[in-house]
Amino acid sequence: MRMRVSKVVTIERHIAEEEHLHGGATGEFSRLMRDLTLAIRLISRDVRRAGLNDILGLTENQNVHGEQVKKLDQIANDTIFRAMDHGGHLCVMASEESEDLIPIPQEYPRGKYVLLFDPLDGSSNIDVNVTIGTIFSVYRRVTPDYLGDGTLEDVLQQGLRQVAAGYVCYGSSTQLVYTTGNGVDVFTYDPTIGEFLLSDEKVQIPARGKYYSVNEGNSSKWNDNLKRYIEHLKTPSPDNKRPYSARYVGSAIADLHRTLIYGGIFMYPADSSSPKGKLRLMYEANPLSMIVEQAGGRATDGVRRILELKPTAIHERTPFYIGSREDVLEAEAFLRGEFPAA
Ligand code: AHM
Ligand code: MG
């Protein structure tokens, strides 16, 4: 459910005002977000020009100068790193694109925050002009040495300790969906003035939806309870609440964003060849779960709340069920083998 806004508010002003709500704020978090939104504006620019590489003289792997051409997800990764490494707000970063922790370069000061990100998710959709996204998650460091490098312990925190989480959806417009634990707000980018403007405030996900979203091509590898749940969604009911409609973009941000606004459920379940599913806990499931919970929805691995999972590795995966509260509860019931009377 959307709450359209009529006042004109930039994201910078909104973040500064929100930071004031929390006593003792130093402005450091606002500065972190200012740097991050700069990176996002640069990535949005690159995404919008993505298809032009070929006609601007770039060959398969080399540009006109014979230099190696980087893939867009690698460019997005470097953009975030270069916008965030020198601001003095972060003690360490982690990204889907980097095997190990990303330290802050020696010449720059360390700060009290930790940034995790997936710079460009849904990369198989880049070349076909379909929505892709950036996902991010911010924690406070837990190791006490404020001058030293952040460690794995700072990165591997439970999702419920996130101080902010968000995603950017490069769709028909660029939108940034964001929470600091005070509801979910949506900002739409106006490229002509280079600003993100508040467009929807305190978004609430419907309690139940009519869309289900899952890669049904994997269904032969699902367990019987999951098969039965999806069959249930497709079976007409006397009250017309079913059948659900299927939607699957294959870009988590696109599928999640639709789920947030219209309701329903998005899943990437475990299956016999991927016992932990596909999506990553630290920079995909956790931030998306914080957003959806803040909007009144639910996010679990089919049994446990995602935000309570204790992470053990930067790139670990988790089965993922997220969306409208009633839909996710129903999926969990089916997974436990509790089926409604026919
Ligand atoms: P990526 O990080 O390689 O881009 O993969 C993540 C994407 C998600 O955006 C999406 O939900 C999922 O992979 C789709 O996977 P599949 O093609 O197996 O359905
Ligand atoms: Mg990804």
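Predicted model: local features only at pLDDT ≥ 70, side-chain atom pairs only at ≥ 80, totals over all residues.
Domain 1 covers 3-201 and domain 2 covers 211-335, with bounds that come from an automatic or database domain assignment, and their C-alpha centres lie 24 Å apart.

The size of an interface is often given as the accessible area lost when the parts come together. Between domain 1 and domain 2 the buried area is about 2,700 Å², and carbon and sulfur atoms give 67% of that area; buried area is the accessible area (1.4 Å probe) that two parts lose on being put together, summed over both. Across this interface there are 13 residue pairs in polar contact, both residues being at pLDDT 80 or more. A polar contact is a pair of N or O atoms within 3.5 Å, of which, within protein, one must be able to donate a hydrogen and the other to accept it, while residues adjacent in sequence count only if both atoms are side-chain atoms. Helices (H or I, at least four residues) and strands (E, at least two) are DSSP runs, numbered from the N terminus.

## The sheet of eight strands

Eight strands form an open sheet with mixed pairing, in the order S2-S1-S3-S4-S5-S6-S7-S8; two strands pair if DSSP finds at least two bridges between them. Strand S2 (102-103) and strand S8 (195-200) each have a single partner strand, so one side of each is left without a neighbour in the sheet. Strand S7 (residues 184-190) runs antiparallel to S8 and is joined to it by five bridges, with Phe 187 standing opposite Leu 198 in S8.

Strand S11 (residues 265-268) is joined to S13 by four bridges in the antiparallel sense, and Phe 266 stands opposite Ile 322 in S13. Strand S12 (residues 298-300) also pairs with S13 antiparallel, over three bridges, and Thr 300 has Tyr 321 as its bridge partner in S13.

In a regular strand the side chains alternate between the two faces of the sheet. Strand S13 (residues 320-323) is covered on both faces, with Phe 320 and Ile 322 buried on one side and Tyr 321 and Gly 323 buried on the other; buried means under 20% relative accessible area, with exposed over 50% and partly exposed in between (1.4 Å probe, protein chains only).

## Leu 72 and its surroundings

Leu 72 is found in helix H3 (residues 72-84) and is buried, with a relative accessible area of 16%. Leaving aside neighbours within four places in sequence, Leu 72 is in contact with Asp 46, Val 47, Ala 50, Leu 120 and Ile 126.

## Basis of the description

Residues are numbered from 1 along each chain as its sequence is written, and chains are lettered from A and ligands numbered from 1 in the order in which they are written. Local features need pLDDT of at least 70 and side-chain atom pairs count only at pLDDT 80 or more, whereas totals for chains, interfaces and linings use all residues, and side-chain values use heavy atoms, with hydrogens and water left out.

Technical notes:
Contact = heavy atoms within 4.5 Å.
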